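Biologist: I am new to this kind of model. Please show me how to read a few of its features.

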Amino acid sequence: MKLAFTRRLRAALLVGALAIASLMVWSSMQNQDSTLEIRASRQGGSIPDGFYVWHHLDANGIRFKSITPLNNTLLVTFDSSAQSEAAKEVLNRTLPQGYVIAQQDSDKDALAWLSILRPDHNHLG
């Protein structure tokens, strides 16, 4: 009787763990944010004014979630990659020369999770 209970408990825990893992994967797939990173092409250059970027995106009907200055870059976050691509075209036309506009890698979060799950053998011993 105890053996049957133990097997049921293990099976329930396994099913629960699989359900939680599936929920985490589904949740990460739902997050389709896209981010543009704008930075000066030359060292020592300044980033563009956030209001200037906002004005040009708004004038072209491009909606964005946020504009954030971070470490000599300006990050502009969008709901979708289509909005991000449209914004990149507009900003390439409207920003003065001297800026690099790049799509930020959306797989960074996934790589962060993998690095947490990967065992680190340097801490043994």
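Predicted model: local features only at pLDDT ≥ 70, side-chain atom pairs only at ≥ 80, totals over all residues.

Biologist: Is Ser34 buried or exposed?

Modeller: Buried means under 20% relative accessible area, exposed over 50%, and partly exposed in between, with a 1.4 Å probe and protein chains only. Ser34 is buried because its relative accessible area is 5%. Ser34 sits in strand E1, residues 34-40 (strands are DSSP runs of E, at least two residues; helices are runs of H or I, at least four; both are numbered from the N terminus).

Biologist: Which residues does Ser34 touch?

Modeller: Contact means heavy atoms within 4.5 Å. Leaving aside residues up to four places away in sequence, Ser34 touches Val76, Thr77, Phe78, Ser80, Ser81, Ser84 and Gln103.

Biologist: Which residues have the most contacts inside the largest nonpolar core?

Modeller: A nonpolar core is a set of buried Ala, Val, Leu, Ile, Met, Phe, Trp, Tyr and Cys residues joined through side-chain atoms within 4.5 Å. The largest one has 13 residues, and Ile38, Val53, Leu57, Phe78 and Leu91 have the most contacts inside it. At least two core residues come from each of E1, helix H2 (50-59), strand E3 (73-78) and helix H3 (81-94).

Biologist: Is Leu9 buried or partly exposed?

Modeller: Leu9, in helix H1 (residues 2-30), is partly exposed, because its relative accessible area is 44%.

Methods. Residues numbered from 1 in each chain as written. Heavy atoms only, no water.
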